[in-house]
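Here are my notes for you to read with the model open beside them. Take the points in order and find each residue as it comes up.

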Amino acid sequence: MTKVQGSLLFEDVAVDFTWEEWQLLAPDQKALYRDVMLENYSHLVSVGLQSSKPAEIFKLKQGDQPWLEEENTPGQNSPDVP
């Protein structure tokens with residue numbers, strides 16, 4: 001029997017995409033990703049394993065892009081690069 005080491009969090013089951021990876025997905029794949037991530041979060045909440053709402057869930061519910069960090073579109077320079 002395997003012992004659980006700690007509480008399961010949304011971040012443990014979430015799939016993250018880079019901007020470039022997200023651009024390669026078809027609209028149906030993006031919709032499926034959104035539905036699955038929201039359902040995963042809902043399941044965690046229903047069993048009491050998630051007390052706060054991750055930023056990804058806020059973004060997905062608003063229809064925003066799911067990646068966590070702002071990424072530049074191709075051809076743009078980062079504000080930190082001179």
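**Notes on the fold and its core**

1. Let's start with contacts, meaning heavy atoms within 4.5 Å. Among contacts in the protein between residues at least 6 apart in sequence, 57% join residues at least 24 apart.

2. A quick word on the ground rules. This is a predicted model, where local features need pLDDT of at least 70, side-chain atom pairs count only at pLDDT 80 or more, and totals for chains, interfaces and linings use all residues. Residues are numbered from 1 along each chain as its sequence is written, and side-chain values use heavy atoms, with hydrogens and water left out.

3. Now the layout: there are four helices and zero strands, giving the pattern α-α-α-α along the sequence. Helices (H or I, at least four residues) and strands (E, at least two) are DSSP runs, numbered from the N terminus.

4. How many of the residues are tucked away? Of 82 residues, 21% count as buried. Buried means under 20% relative accessible area, exposed over 50%, and partly exposed in between (1.4 Å probe, protein chains only).

5. Next, look for the largest nonpolar core, which has 11 residues, among them Phe10, Trp22, Tyr33, Tyr41 and Leu44. Such a core is a set of buried Ala, Val, Leu, Ile, Met, Phe, Trp, Tyr and Cys residues joined through side-chain atoms within 4.5 Å. Helices α3 and α4 (55-61) each supply at least two residues of this core, and the largest share, five residues, comes from α3.

6. The rings deserve a look too: the count comes to four aromatic pairs. Phe10 and Tyr41 have ring centres 6.1 Å apart and planes at 80°, so they sit edge-to-face. This pair links distant parts of the chain, with Phe10 in helix α1 (residues 10-13) and Tyr41 in helix α3 (residues 27-46), 31 residues apart. For the rule, rings of Phe, Tyr and Trp (its six-membered ring) pair if their centres lie within 6.5 Å; planes under 30 degrees apart count as stacked, over 60 as edge-to-face and the rest as tilted.

7. Are those two ring residues, Phe10 and Tyr41, buried or exposed? Phe10 counts as buried because its relative accessibility is 1%, and Tyr41 is buried too, with a relative accessible area of 10%. Elsewhere, ring pairs link Phe17, Trp22 and Tyr33 into a cluster.

8. Leaving out residues up to four places away in sequence, Leu44 touches Leu8, Leu9, Phe10, Val13, Leu49 and Gln50. Of these, Val13 lies in helix α1 and counts as partly exposed, at 32% relative accessibility.
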